[in-house]
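Visitor: I would like a close look at a single part of this structure, with its surroundings. Please keep it brisk.

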There are 2 protein chains.
Amino acid sequence: MTNRVALVAIGETKYDEHWDYSLRDLASMAAQKLYMSIFDRFDYRNIESIFVGNAASAAFTGQLHLNAFVADAIGLTNKPSLRIEAADASGAAAVRAAYFAIKSGMFNTALVLGIEKMTELTVSTQINTVQSSVLDREWEEDAGLSLAAAYAIMARKHFETYGTTREHLAAVSAKNHEHAVLNPNAQFRRAFSIEQVLKATMVAEPLSLLDCSPTSDGASAILLANEDLARKITDDPIWISASAQGSDTISLMARDSLTTLKSVRSAAEDAYKQAKIADPKKEIKLIEAHDSFTITELLALEGLKIYEPGQAGPATLAGETHREGSGIPVNVSGGLKAKGHPLGATGVGQLVELALQMWGNAGERQVDDVDRALAVSIGGTGATSFIHILSR
Amino acid sequence: MTNRVALVAIGETKYDEHWDYSLRDLASMAAQKLYMSIFDRFDYRNIESIFVGNAASAAFTGQLHLNAFVADAIGLTNKPSLRIEAADASGAAAVRAAYFAIKSGMFNTALVLGIEKMTELTVSTQINTVQSSVLDREWEEDAGLSLAAAYAIMARKHFETYGTTREHLAAVSAKNHEHAVLNPNAQFRRAFSIEQVLKATMVAEPLSLLDCSPTSDGASAILLANEDLARKITDDPIWISASAQGSDTISLMARDSLTTLKSVRSAAEDAYKQAKIADPKKEIKLIEAHDSFTITELLALEGLKIYEPGQAGPATLAGETHREGSGIPVNVSGGLKAKGHPLGATGVGQLVELALQMWGNAGERQVDDVDRALAVSIGGTGATSFIHILSR
C-alpha cells in the first residue's frame with residue numbers, strides 16, 4: 001500500500017472558557033479558518049469527507065449525532081461524516097480514522113475536526129464526573145476513583161520506583177506555562193514558577209491544581225489529502241509518515257506496571273517502524289505530548305523512549321525539553337496544561353501546532369528546522385494511545 | 001483499489017431488557033459467540049483491530065472510552081480499537097470505519113462490535129432525553145421536540161402528500177412483529193394485529209406505542225477480513241460489495257423535503273453504483289431497513305427506490321414486504337420494532353441477520369436463495385444514513 005497521506009491545511013479556535021460560543025460556533029470558527037487558508041487553491045465545498053473527534057458532547061451539551069451536527073455546522077451538510085471517541089484522545093483517533101479512509105482510496109480529502117464544549121456543564125463536580133468516565137466505571141469510578149486520583153497513584157508509584165519528585169512534575173507545568181505565553185491560541189498565557197506549582201492547592205496528592213490540565217472549550221481542524229490532491233492544495237504538504245495506536249487494560253489494577261504506559265510504548269515501536277526511525281532522540285525534532293497531568297508528560301516521554309524510565313523528570317527540571325533546551329522541545333504550544341485541553345480537540349490541536357512549526361508559521365515560539373515531529377495523545381490513564389509522526 | 005472486504009463470522013446476544021447483564025457482559029457474550037463459531041479455523045487472539053459502534057454509553061451507563069473498555073472486555077486488550085458514533089446508526093458507522101481500515105491495507109481483520117445498554121437509566125424520561133439528543137439540541141430538542149415527535153411530523157406530511165394512512169404504518173409493525181416470532185434473538189416474539197397497533201396508546205400522533213421501536217440492551221458482532229484471510233477463516237465468505245453514506249441537515253426545518261430521506265437516496269445511488277446494481281427491485285433479495293418508527297421503514301424503502309414515493313405503505317399493507325410476500329422481504333429479523341433497537345448494536349445486527357440468511361442458517365425464518373442483500377441504517381431523523389450491500 002503506497003498511498004501517501006498529507007496534512008495540507010489547518011484551522012483552530014483559541015482554547016478557552018468560551019462562554020459566548022456554542023458547540024456549533026466553535027466548529028464553524030475552526031473550519032472557516034481552515035477554509036480561508038486555502039481559498040485561492042481549493043474550494044472547501046469539494047472536501048469529500050469529515051471525521052469528528054469528540055469525547056463527550058452527549059454528556060457536556062446534550063448533543064449526540066455529532067458527525068451530522070458538525071458537517072452541518074461547517075457548511076458540508078451533504079458530505080459523509082463519522083464521529084470517533086477515544087476518551088481524551090478522541091481527536092487523534094479521528095485523525096487515524098481519516099488516515100485509513102484516505103489510504104483506502106475511498107476519499108481524496110478528509111477534514112478532521114476535533115471539538116469539545118466543556119463549560120456547558122457549569123458545576124465542576126459534573127465536569128469531573130464526565131472526565132472520570134474515561135476510567136472503568138464499574139471497577140474504578142463507582143469505587144470513588146477520579147481521573148486525577150488515578151494519575152496521582154501512578155505518580156506516587158513513579159516517585160517510589162524512580163525517585164521522581166514533585167519538583168520534577170512542577171518543572172513540566174512551569175515549562176509548558178512559559179511556552180504558552182507565546183501562543184495566542186493558548187488558554188493560560190501566564191508563566192508560573194516551580195515554587196508556585198508546588199504551593200498550589202492540592203487536588204490529589206502529589207498533584208496540585210497546577211499539575212492538572214484545565215477545563216476548556218475549543219476546536220481544531222486539519223485537512224488531509226492523498227498525494228495528488230495534496231500537491232494541488234499546497235506547495236508544502238506535510239506527510240503523515242506514521243499513524244499508530246497502542247492499547248492497555250482500561251483499569252489500572254489489571255496492568256503489569258503503573259510506571260510504564262504500555263500503550264505508548266507499543267504505539268511508539270510501531271510508529272518508529274512505519275516512519276523508519278532508528279534513533280528517535282536524534283531524528284525527531286519536536287514533540288507535542290499529552291500532559292493531562294504533569295506526570296502524564298513524563299510517562300509519555302519515557303514510553304516514547306526519548307528518556308529512560310525515571311530520567312524524564314530530571315531532564316525536564318534541567319530544562320532539556322524547554323523550547324530553548326538542549327533536548328527535543330516538548331509542548332511548545334503550551335501543552336494540555338497551558339494551551340488547554342478541550343478533550344476531543346486536543347489530539348487534532350497537537351498536529352495543528354506541529355504543522356505551524358514545520359511550515360515556519362509559529363511566530364514568536366518558532367522552533368527552527370523541524371523536518372520531523374511527533375504527537376502522542378493518550379486516552380484516560382493510557383488504555384489507548386495514538387502516535388502520529390509528521391515529515392517534510 | 002481492488003482489496004475486497006468480506007464478512008466472515010457473526011455473534012450476537014438476544015436483544016432484550018437485560019437487567020442481569022452489564023455493558024461488559026453483553027460485549028463479551030456477543031464476541032464469544034463469534035469466536036466460538038470460528039475457533040477451529042482462526043484464533044480470535046489474532047484479530048488485528050476492533051471497531052465499536054455505540055451511541056451514548058456516556059449518558060446511559062457513565063462509561064466513556066468505549067473502544068478500550070470493549071477491547072478489554074472481549075479479551076483483545078492489546079489490539080487497536082476505535083469507537084464510532086452516528087446516533088442510532090452508530091453500528092453501521094463502525095462497520096464503515098472498519099471497512100475503510102481493511103481496504104486501506106492497514107489491517108487484515110477487523111472485529112466490529114455494536115453495543116448499547118439502555119436500561120441502566122431506569123427512568124423512561126431520561127432515556128427519551130438521550131434518544132432525542134440525536135436531534136439538533138439547540139434548534140429542536142431544547143424547543144421541546146422529541147425523536148418520536150419529529151417522526152410524527154414527517155409521517156403527517158407523508159399522509160398529507162401521498163395519502164399514506166395509519167393502517168399503512170400499522171402494517172409495518174404487524175409484519176415485523178410477526179417476523180420476530182421466528183427470531184430467537186428478538187426482544188418481542190409476539191404478533192400484533194393491525195387493529196391492535198391502531199388501538200395502542202398514542203405516543204405522538206399518528207404514532208402509537210406499537211409504531212415505535214423499544215428500549216433495548218444488546219450487542220452484535222461481525223468479523224471483517226481481506227480476501228486472503230477471509231478464505232482461510234470460512235469456505236463461504238460474504239463480500240461487502242458496497243459501503244455508502246448519505247447526509248442531510250440535522251434539523252428538520254432546514255430540509256428541502258420532509259417526505260424524502262435525502263440521505264438514504266444519495267447513499268443508495270452510491271451503493272448501487274459500487275455494487276453495480278442496475279435494478280435494485282430485481283437484484284436485491286432481502287432488506288433489513290431501519291424502522292425506528294413504522295414511518296421510517298416506509299421512508300427508507302422509498303429512499304432506496306424499491307418503491308415510488310407514497311407506494312411503500314400500500315405495498316406493505318398488501319403484504320409485499322412480508323417474508324412470504326411477492327416483493328423483497330423487509331426486516332425478516334423483526335426489525336428495530338420487534339427484534340429490538342439497542343442503538344449502537346442495531347446497524348451491526350442488521351448485517352448479522354443478512355449473513356445468517358445468506359449462509360442458510362436462519363432457521364424457521366429462512367428466506368431462500370439470498371445472493372444479494374441490503375441493510376440501511378438511519379441516524380436520528382435521517383441526517384446520516386448508511387447502506388451496506390452484501391453479495392455471495
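Before we zoom in, what pLDDT does chain A average?

Guide: Confidence comes first. This is a predicted model. Chain A averages a pLDDT of 96. A score of at least 70 is reached by 99% of the residues. For the model, ipTM is 0.95 and pTM is 0.97.

Now the loop. It runs between strand S3 (81–85) and helix H4 (90–103) of chain A, and A:Ala87 lies in it.

Take A:Ala87. Its phi is near 55 degrees. That is a positive value in a residue other than glycine. Is A:Ala87 buried or exposed? A:Ala87 has 32 C-beta neighbours inside 10 Å. The cut-off for burial is 20 or more, so A:Ala87 counts as buried.

A:Asp88 is also buried, with 31 other C-beta atoms within 10 Å. Which residues does A:Asp88 touch, once neighbours within four places in sequence are set aside? The contacts are A:Ala55, A:Val134, A:Ser292, A:His341, A:Leu343, A:Thr346, A:Gly379 and A:Gly380. A:Leu135 is 47 residues from A:Asp88 along the chain, and their C-alpha atoms are separated by 11 Å.

Chain A has 16 helices and eleven strands. Its radius of gyration is 19 Å, close to the 21 Å that the globule rule gives for 392 residues, so chain A is as compact as a globular protein of that length. The C-alpha trace spans about 55 × 45 × 40 Å along its principal axes. Of the 392 residues in chain A, 66% are buried. Now take the contacts in chain A with a separation of 6 or more: residues 24 or more positions apart account for 77% of them.

Two other loops of chain A are worth a stop. A:Lys276 sits between helix H11 (262–274) and helix H12 (280–283). Its phi is near 55 degrees, again a positive value in a residue other than glycine. A:Lys276 is exposed, with 11 other C-beta atoms within 10 Å. The peptide bond from A:Glu205 to A:Pro206 is cis, with omega near 10 degrees. In chain B, a cis peptide bond joins B:Glu205 and B:Pro206, with omega about 10 degrees. B:Pro206 is found in the loop between S5 and S6 of chain B.

That brings in the second copy. How is chain B superposed on chain A? A rotation of 180 degrees does it, with 0.0 Å of shift along the axis and an RMSD of 0.0 Å. That is the relation of a two-fold axis. Of the residues of chain B, B:Ser104 comes closest to the rotation axis, with its C-alpha at 1.7 Å.

Now follow H4 in chain B. What does H4(B) cross? Its partner is helix H16 (residues 343–358) of chain B. The two axes come within 5 Å and cross at roughly 60 degrees. H4(B) and H16(B) are therefore oblique to each other. On H4(B), the contact is made by B:Ser90, B:Gly91, B:Ala92, B:Ala93, B:Ala94 and B:Val95. H16(B) contributes residues including B:Leu343, B:Thr346 and B:Leu351.

H13(B), residues 294–303, has ten of its ten residues buried, so H13(B) is largely enclosed by the rest of the structure. Among the buried residues are B:Glu297 and B:Glu302. Just after H13(B), B:Lys305 takes a positive phi of about 65 degrees.

Back to the starting point.

Key
Residues are numbered from 1 along each chain as its sequence is written. Chains are lettered from A and ligands numbered from 1 in the order in which they are written. This is a predicted model: local features need pLDDT of at least 70, side-chain atom pairs count only at pLDDT 80 or more; totals for chains, interfaces and linings use all residues. Helices (H or I, at least four residues) and strands (E, at least two) are DSSP runs, numbered from the N terminus. The radius of gyration is taken over C-alpha atoms; the globule rule is 2.2 Å times the number of residues to the power 0.38. A residue is buried if 20 or more other C-beta atoms lie within 10 Å of its own, exposed if 12 or fewer, and partly exposed in between; C-beta atoms are placed from the backbone. Two residues are in contact if their C-beta atoms, placed from the backbone, lie within 7 Å. Copies are superposed by least squares on the C-alpha atoms of residues with pLDDT of at least 70 in both. pLDDT is the predictor's confidence in each residue, from 0 to 100. Axes are lines fitted to C-alpha atoms, for helices over the stretch in contact, and angles run from 0 to 180 degrees between N-to-C directions. Angles under 35 degrees count as roughly parallel, over 145 as roughly antiparallel, 65 to 115 as roughly perpendicular and the rest as oblique.
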